[in-house]
Structure formats: structure tokens, C-alpha cells
Amino acid sequence: GRAMVAWNVSVAGPVSLKVFDASGREVRSLVARDMPAGRYTEAWNGRANDGSAVAPGVYFVKLLSGGNAHRQKLVVAK
């Protein structure tokens, strides 16, 4: 499945947006670049960094931006 992740960048600078599984392993790196301040959305196609489809279940998106960390839960259905 596909999931949309939305987030705000309050201060321009490096942004890291990664998907982790429930045990804390990194599954996919979605964003790793400098970004201006603003509101963004990014689609995740439910695939890992190696291109394989992830198993259904609960995943977490971790955003690092401007020295702040935010977590968001994603559920991947069959």
C-alpha cells in the first residue's frame, strides 16, 4: 500500500525522514537533504530501501529537522 507522510519544516536546514519497523530497524530513508521552511508531503510506497515490499504491520516515521525529532505511526495493510 501507499502512505502519505506530511510534516512541517520550521527552520531551513537538513531534514531526515526515515521509516522504521516496530523493532526499531530502519526500513526506508525517504528524505535526506537540506530543505527550506515550509509544509511538505512525501509518499511512501510500502517498499524498503532495497525495493522489496514490507510486511503488513505497524511502522514509524521519524523526522529530524531543526534539532527536533518527531515520530508518526503508519499502518501498512495487506
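Arginine 71 lies over the face of phenylalanine 60, at 4.5 Å from the ring centre, where a charge counts as sitting over a ring if NZ of Lys or CZ of Arg is within 6 Å of the ring centre and within 35 degrees of the ring normal. This is a predicted model, in which local features need pLDDT of at least 70 and side-chain atom pairs count only at pLDDT 80 or more, while totals for chains, interfaces and linings use all residues. Residues are numbered from 1 along each chain as its sequence is written, and side-chain values use heavy atoms, with hydrogens and water left out.

**Strand pairing and the hairpin**

- Strand 2 (residues 13–21) pairs with strand 3 (residues 26–35) in the antiparallel sense over eight bridges; strands (E, at least two residues) and helices (H or I, at least four) are DSSP runs numbered from the N terminus, and two strands pair if DSSP finds at least two bridges between them.
- Within this pairing, proline 14 stands opposite aspartate 34 in strand 3.
- The hairpin of strand 2 and strand 3 has four residues between the strands, and in this hairpin glycine 24 takes a positive phi near 95°.

**Aromatic pairs**

- The count comes to two aromatic pairs, under the rule that rings of Phe, Tyr and Trp (its six-membered ring) pair if their centres lie within 6.5 Å, with planes under 30 degrees apart counted as stacked, over 60 as edge-to-face and the rest as tilted.
- One of them, formed by tryptophan 7 and tyrosine 40, is stacked, with 5.7 Å centre to centre and 25° between the planes.
- Tryptophan 7 lies in strand 1 (residues 3–9) and tyrosine 40 in strand 4 (residues 38–44), so this pair ties together parts that are 33 residues apart in sequence.
- Tryptophan 7 counts as buried at 5% relative accessibility, where buried means under 20% relative accessible area, exposed over 50% and partly exposed in between (1.4 Å probe, protein chains only).
- Tryptophan 44 and tyrosine 59 form an aromatic pair that is edge-to-face, at 5.7 Å centre to centre and with 70° between the planes.
- That pair links distant parts of the chain, with tryptophan 44 in strand 4 and tyrosine 59 in strand 5 (residues 57–65), 15 residues apart.
- Tryptophan 44 is buried, with a relative accessible area of 1%, and tyrosine 59 is buried as well, with a relative accessible area of 7%.

**Nonpolar core**

- The largest nonpolar core has 20 residues, of which Trp7, Leu17, Trp44 and Tyr59 touch the most other members; such a core is a set of buried Ala, Val, Leu, Ile, Met, Phe, Trp, Tyr and Cys residues joined through side-chain atoms within 4.5 Å.
- The elements that give two or more residues to this core are strand 1, strand 2, strand 3, strand 4, strand 5 and strand 6 (68–76).
- Leaving aside neighbours within four places in sequence, tryptophan 7 is in contact (heavy atoms within 4.5 Å) with residues including Val15, Leu17, Val31, Met35, Tyr40 and Leu63.

**Salt bridges**

- The structure holds two salt bridges, each defined by a side-chain nitrogen of Lys or Arg within 4 Å of a carboxyl oxygen of Asp or Glu.
- Glutamate 26 forms a salt bridge with lysine 18, the closest N and O atoms being 3.4 Å apart; glutamate 26 is partly exposed, with a relative accessible area of 37%, and lysine 18 is partly exposed at 26%.
- Aspartate 21 and arginine 25 meet through their side chains in a salt bridge of 3.2 Å, N to O; here aspartate 21 counts as buried at 14% relative accessibility, whereas arginine 25 counts as exposed at 57%.

- Valine 11 is found in the loop between strand 1 and strand 2, and its C-alpha is 9.4 Å from that of glycine 67, a residue 56 residues apart from valine 11 in sequence.
- Not counting residues up to four places away in sequence, valine 11 touches Ala37 and Ser65.
- Serine 16 lies in strand 2 and counts as buried at 16% relative accessibility; leaving aside neighbours within four places in sequence, serine 16 is in contact with Val31, Lys62, Leu63 and Leu64.
- The C-alpha atoms of serine 16 and lysine 73, 57 residues apart along the chain, are separated by 16 Å.
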